[in-house]
Number of protein chains: 2
Amino acid sequence: MNVQIICNHHGVPRTRRATRLPQPAEELRGADVTREKLLQATHELLIERAGAEPSVSQICERAGVQLAMVSYCFGGKAGLFDALIERTTTGVISELERLAETELSAEEKLRRHVAAVIHNYVRYPYANQLSERLAAGGRAAERMAELIGRPMLGFYRELLADGVADGRFREVDPTMLFFSVVGMCEFVFAARSWLEGPAGETLDDALVERFTDHTVELLLRGIAA
Amino acid sequence: MNVQIICNHHGVPRTRRATRLPQPAEELRGADVTREKLLQATHELLIERAGAEPSVSQICERAGVQLAMVSYCFGGKAGLFDALIERTTTGVISELERLAETELSAEEKLRRHVAAVIHNYVRYPYANQLSERLAAGGRAAERMAELIGRPMLGFYRELLADGVADGRFREVDPTMLFFSVVGMCEFVFAARSWLEGPAGETLDDALVERFTDHTVELLLRGIAA
């Protein structure tokens with residue numbers, strides 16, 4: 001399940017320009033600079049190649065580093081992909097925590113959270129496919145579930161309690177709502193052949209915006225007090 | 001992404017008993033009887049083996065037919081799996097069409113439709129994984145999208161128009177709502193490691209019921225006039 005090539009407003013498929021990965025807080029030195037170049041190169045190539053796995057030499061060429069550096073920095077290609085998933089995940093969770101800490105109303109937090117979840121599927125179109133490939137190898141699925149699922153569930157519990165306290169939300173099961181939101185946001189990207197086949201839509205920026213508005217409205221009305 | 005072993009009310013994992021596949025309308029004769037036995041055997045084995053592909057000899061043994069019959073009836077194992085997906089899909093779409101033709105209110109139709117979508121993930125836990133495996137081979141994803149997506153989109157368009165006409169629903173984009181519903185229903189099965197890990201839930205009959213109630217309420221409030 002994956003979405004890869006995003007189309008522009010005119011429905012013309014194009015390779016989406018990769019954004020910059022979230023950066024670590026500390027200043028980079030020595031091998032960290034090389035690690036960073038390799039992560040950014042892999043991120044870019046996965047997007048440009050529509051999710052198809054780039055080779056180590058393609059990654060090193062793009063990063064402008066010696067071929068041996070993938071082994072040196074990550075112990076191999078699998079370690080590099082693992083580190084990329086970890087980086088994107090950590091970035092997403094930091095953003096969630098920053099949102100949780102703001103003074104915004106529960107309603108506004110939910111609105112921004114939904115937009116962020118959808119935006120993450122646009123930003124990291126390869127993330128699902130890559131984590132599934134990694135997960136096939138062992139305990140990665142469990143680790144991902146912990147890394148993303150646990151803080152997100154905490155966010156939903158707090159958000160819903162705040163919304164009930166300020167009289168805007170009805171009592172809703174946070175776990176069930178978490179699955180509803182992520183499921184809705186993911187599916188429009190996962191089921192792209194349904195969207196572009198029978199529905200006759202194009203997965204472009206305009207559709208992402210329309211889908212975000214639809215999802216926010218459905219949810220806010222759905223959980224309104 | 002797949003859900004395979006369903007747990008019982010007490011949270012004890014058990015192999016879910018396979019139900020009978022939807023039957024063709026005509027009386028079966030000759031080779032059709034054998035085809036039917038092979039389809040039912042594959043359906044049962046996929047559920048019992050938690051989605052892992054059974055071998056041709058395992059399938060024939062369960063069906064009680066000669067080994068050569070898979071080739072004779074389906075041209076091979078891939079053809080057999082393809083026919084199984086086609087059978088489950090056709091069954092699901094017939095049920096949708098029967099629901100559309102009833103005299104029920106739009107609200108009640110949506111309620112039953114959501115329960116049916118969730119029930120289909122319980123009944124055919126292997127369907128997603130199997131279609132993805134088949135889709136990897138070629139145009140199967142497109143065919144599936146047409147086979148399921150087109151009638152479902154038609155159902156949503158009619159349902160929402162009826163609900164607006166009888167004053168119960170607000171104006172909602174049928175395509176967007178279709179993706180919301182299927183996405184919500186699928187994700188709880190697809191992200192089972194999230195459900196059973198950080199959320200500490202068990203994917204059993206009680207959870208399916210709770211999730212169905214939650215989803216129906218969220219949707220009906222979400223699109224209420």
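From the N terminus on, the elements of chain A run α-α-α-α-α-α-α-α-α-α. The model is predicted: local features need pLDDT of at least 70, side-chain atom pairs count only at pLDDT 80 or more, and totals for chains, interfaces and linings use all residues. Residues are numbered from 1 along each chain as its sequence is written, chains are lettered from A and ligands numbered from 1 in the order in which they are written, and side-chain values use heavy atoms, with hydrogens and water left out.

Chain A has 225 residues, of which 49% count as buried. Buried means under 20% relative accessible area, exposed means over 50%, and partly exposed lies in between (1.4 Å probe, protein chains only). Contact means heavy atoms within 4.5 Å. Among contacts in chain A between residues at least 6 apart in sequence, 69% join residues at least 24 apart.

The two chains were then compared. Chain A superposes on chain B by a rotation of 180° with 0.0 Å of shift along its axis, at an RMSD of 0.0 Å. The two copies are therefore related as by a two-fold rotation axis. In chain A, the C-alpha nearest the axis belongs to A:Gly222, 1.9 Å from it. The same surface serves both copies, as 100% of the contact residues of chain A recur in chain B.

Two helix pairs were examined. Axes are lines fitted to C-alpha atoms, for helices over the stretch in contact, and angles run from 0 to 180 degrees between N-to-C directions. In chain A, helix H5 (residues 106-123) and helix H8 (residues 174-190) pack at an angle of about 35°, with their axes 10 Å apart. On the H5(A) side, the residues that meet H8(A) include A:His113, A:Val117 and A:Tyr121. Their partners in H8(A) include A:Val181, A:Cys185 and A:Phe189. This contact of H5(A) with H8(A) divides into 9 nonpolar, 1 polar and 1 charged residues. Ala, Val, Leu, Ile, Met, Phe, Trp, Tyr, Cys and Pro count as nonpolar, Asp, Glu, Lys and Arg as charged, and the others, Gly among them, as polar.

In chain B, the axes of helix H1 (residues 31-48) and helix H2 (residues 56-63) come within 8 Å and cross at roughly 115°. B:Leu38, B:Thr42 and B:Leu45 are among the H1(B) residues that meet H2(B), where B:Ile59 and B:Arg62 are among the partners. The contact of H1(B) with H2(B) has 6 nonpolar, 2 polar and 4 charged residues. In chain A, A:Thr42 lies in helix H1 (residues 31-48). A:Thr42 is buried, with a relative accessible area of 0%. Beyond its neighbours within four places in sequence, A:Thr42 is in contact with A:Ile59, A:Leu80, A:Phe81 and A:Leu84.

Over all chains, the structure holds 16 aromatic pairs. Rings of Phe, Tyr and Trp (its six-membered ring) pair if their centres lie within 6.5 Å; planes under 30 degrees apart count as stacked, over 60 as edge-to-face and the rest as tilted. The rings of A:Phe187 and A:Trp194 have centres 5.9 Å apart and planes at 85°, so this pair is edge-to-face. A:Phe187 and A:Trp194 are buried. One aromatic cluster is formed by A:Phe155, A:Tyr156, A:Phe178, A:Phe179, B:Phe187 and B:Trp194.

Key:
Helices (H or I, at least four residues) and strands (E, at least two) are DSSP runs, numbered from the N terminus. Copies are superposed by least squares on the C-alpha atoms of residues with pLDDT of at least 70 in both.
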